[in-house]
Amino acid sequence: MGDPDSHGPVRPGPPPNAVDDGDVEWAEYVAWLEREAAAGRDPASEASARCAAEPWDAEPEERDLCGPLFAEDGAADALPPGPLLAALTEQAVADVTSLSDNELVGVLRATQRQLAREQYKQVLAAAEFGRRRQAEFDDALRRGVPAGCAPGGFPGEELSVELTVSRAEAAHLIDDAIDLISRLPRTLTGMAAGLVDAARAGWIAMYTRSLDPADTARADEILAEAAPELRAEQLARKAAALEMKLNPAAVKARREQARRDNQRVDVRREASGNASLAGRELDVADVLASKAYLDAVASRLRASGLDGSLDQLRALALTDLTQGRDPLNRIQPAADQSAPADPPPVPALINLLVPAGTLLGLSTAPAQAGSWGLLDVEDARAVAAAAAMHPQTRWCVTLTGPDGTALAHGCARGPRPRLLDNLQTRPPPAQLAELLGRLNLTLIPVTRGNCDHAAAEDHYSPSRALRHLVRARSATCDAPGCQNPAASTDLDHTVPWPGGPTDQCNLAPRCRTHHRAKQAPDWTARQSAPGVTRWTLPSGRTHVTTPTKYET
């Protein structure tokens with residue numbers, strides 16, 4: 001994780017079998033290869049040499065090692081980490097110029113699995129190191145030795161010297177290792193298999209620490225299964241959302257304590273040599289309101305003709321305001337100018353995704369404030385109430401199915417400043433019925449499965465309703481791993497218009513970068529069903545993205 005002080009303990013368990021595919025002969029052959037590699041011999045090289053010289057004479061098992069080992073679906077592309085994979089990668093990188101792009105990606109993926117396995121070994125060693133130092137410390141305390149003089153009391157400091165890392169990093173390494181071994185067997189098994197690295201394991205450890213044993217086991221299973229397909233920051237959000245649902249009281253207590261004990265302004269040097277100024281551990285509503293105010297001032301400065309991008313003008317407004325200057329005085333003299341008059345805290349430019357149950361107090365599922373991040377129940381309701389008061393706020397509803405994907409979507413017309421008034425006093429079913437009644441909207445089905453293009457529009461630019469339907473179905477850019485919010489992306493015709501229709505079956509939200517990449521000759525995107533896109537990258541490898549599954 002980015003901040004070594006932001007994560008904690010982990011727990012290891014027994015490593016899984018390296019091969020468990022039911023093929024006994026193949027398992028025995030792999031075991032022999034690993035023994036040969038461990039003894040310093042290179043059976044992979046010998047087998048490959050036979051493949052190159054006389055492929056018809058290679059042993060049946062060795063034929064799996066003939067051909068492009070690291071190409072997609074090749075023999076080594078999904079091979080578990082271990083001596084055999086290490087030997088094969090060593091052989092592959094001896095002449096990387098002979099590898100295809102597809103094989104180069106396969107080698108990178110293989111070394112990633114090997115690294116996760118090495119981190120697993122580090123977890124086992126760090127946990128045992130921590131256990132021994134803790135035992136020494138506890139024994140000394142039982143013998144009456146003062147805590148400050150007891151041996152074993154500074155394990156983090158000791159490891160920081162040996163590993164040349166900060167004390168905080170060393171302490172977190174020990175804590176995470178102990179947690180993984182004792183509480184998170186599924187995550188630990190994923191590390192042993194090369195599927196979960198230390199960064200992902202650290203986030204799982206951090207966000208499960210407040211949970212009771214039953215919920216920890218449930219979260220461990222869910223997160224360890226999801227981890228291989230998610231980037232570290234995506235997994236962190238999923239883990240945080242799960243903790244908010246399972247133990248909202250602990251999340252609230254931690255947030256309040258951090259605000260109370262760690263609220264501050266940080267000044268840091270940027271890698272470029274410039275500097276940064278940031279408020280830390282601030283109230284969520286205050287931060288969103290401040291950001292909205294800076295956005296409004298920057299927009300006004302830009303409209304006046306002041307040079308600079310919106311980002312630069314936001315930074316200008318921030319430094320002006322924190323030095324007692326009015327940024328709007330840059331437009332005209334102070335006597336004729338005043339700052340914007342107390343705008344409502346959260347304008348419509350912030351896209352809030354709030355589960356209806358959370359809004360009505362029936363659920364602890366977190367909300368999402370655009371790209372800003374997760375909101376717990378309390379903050380979600382506070383921000384939604386503030387948003388309701390803004391005249392530009394518009395309310396939309398997305399109906400989701402049992403699997404969390406969008407079934408239908410609709411938007412209300414005009415502002416609803418009193419939308420949330422007095423809803424809490426009614427029984428749950430009546431609350432929801434009253435909320436939908438006040439919105440007075442019509443839900444339009446989200447197209448799923450096969451598409452007959454019956455609802456295609458006869459022009460290039462999609463209507464507002466169609467834009468909403470596509471972005472409700474896919475809440476982020478549909479490129480593999482991209483998390484740019486759909487609200488800020490282009491709606492791209494997968495098959496270029498007019499050859500491809502303007503409808504839910506052909507449109508997809510794509511950030512500007514992936515929109516441009518998709519138009520490059522060595523990238524392709526094929527939308528086989530609404531929201532289901534098969535991406536083929538320049539290496540030849542393929543990835544399939546699917547509609548968003550909302551947290552409910």
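Mentor: Terms first. Helices (H or I, at least four residues) and strands (E, at least two) are DSSP runs, numbered from the N terminus. This is a predicted model: local features need pLDDT of at least 70, side-chain atom pairs count only at pLDDT 80 or more, and totals for chains, interfaces and linings use all residues. Residues are numbered from 1 along each chain as its sequence is written, and side-chain values use heavy atoms, with hydrogens and water left out.

Trainee: Okay. How many helices and strands are there in the protein?
Mentor: The protein has 18 helices and 13 strands.

Trainee: And what percentage of the 552 residues is buried?
Mentor: Buried residues make up 39% of them. Buried means under 20% relative accessible area, exposed means over 50%, and partly exposed is in between (1.4 Å probe, protein chains only).

Trainee: What about contacts between residues at least 6 apart in sequence?
Mentor: Of those contacts, 58% join residues at least 24 apart. Contact means heavy atoms within 4.5 Å.

Trainee: Let's do helices. How do the axes of α5 and α6 cross?
Mentor: Helix α5 covers residues 155-163 and helix α6 covers residues 167-183. Their axes come within 8 Å and cross at roughly 110°. Axes are lines fitted to C-alpha atoms, for helices over the stretch in contact, and angles run from 0 to 180 degrees between N-to-C directions.

Trainee: What do we call that angle between α5 and α6?
Mentor: The two helices are therefore roughly perpendicular to each other. The cut-offs: under 35 degrees is roughly parallel, over 145 roughly antiparallel, 65 to 115 roughly perpendicular, and the rest oblique.

Trainee: Which residues in α5 and α6 meet?
Mentor: From α5, Pro-155, Gly-156, Glu-157, Leu-159, Ser-160 and Leu-163. From α6, Arg-167, Ala-170, Ala-171, Leu-173 and Ile-174. The residues of this contact of α5 with α6 divide into seven nonpolar, two polar and two charged. Ala, Val, Leu, Ile, Met, Phe, Trp, Tyr, Cys and Pro count as nonpolar, Asp, Glu, Lys and Arg as charged, and the others, Gly among them, as polar.

Trainee: At what angle do α4 and α6 pack?
Mentor: Helix α4 (residues 101-142) and α6 pack at about 100°, with their axes 8 Å apart. That makes α4 roughly perpendicular to α6. The residues of the contact of α4 with α6 divide into eleven nonpolar, two polar and no charged.

Trainee: Which residues of α7 are buried?
Mentor: In helix α7 (residues 185-192), they are Thr-187, Leu-188, Gly-190, Met-191 and Ala-192. Their cover includes α4, α6, α8 and α9 (213-226). Just after α7, Gly-194 takes a positive phi of about 80°.

Trainee: You mentioned α8. Is Ala-205 there buried or exposed?
Mentor: Ala-205 is found in helix α8 (residues 198-208). At 0% relative accessibility, Ala-205 counts as buried.

Trainee: Switching to strands. What order does the sheet with β6 have?
Mentor: Three strands form an open sheet in the order β6-β7-β8, and the pairing is antiparallel. β6 (396-400) and β8 (444-445) stand at the edges with a single partner strand each, so one side of each has no neighbour in the sheet. Two strands pair if DSSP finds at least two bridges between them.

Trainee: How many bridges link β6 and β7?
Mentor: β6 and strand β7 (residues 406-411) pair over five bridges. Cys-396 stands opposite Cys-411 in β7. Helix α17 (residues 464-473) lies across β6, β7 and β8, running at about 140° to β7.

Trainee: And the sheet with β11?
Mentor: That open sheet has three strands in the order β11-β12-β13, with antiparallel pairing. The edge strands are β11 (524-529) and β13 (542-545). The twist averages 20° from one strand to the next.

Trainee: What sits in the hairpin of β11 and β12?
Mentor: Two residues lie between the strands, and Gly-531 takes a positive phi near 85°. β11 and β12 pair over five bridges. Thr-524 has Thr-536 as its bridge partner in β12.

Trainee: Last one. Which way do the residues of β9 point?
Mentor: In strand β9 (residues 490-493), Asp-490 and Asp-492 point one way, Leu-491 and His-493 the other, and all are buried. In a regular strand the side chains alternate between the two faces of the sheet. Four bridges join β9 to strand β10 (residues 507-510), and the two run antiparallel.
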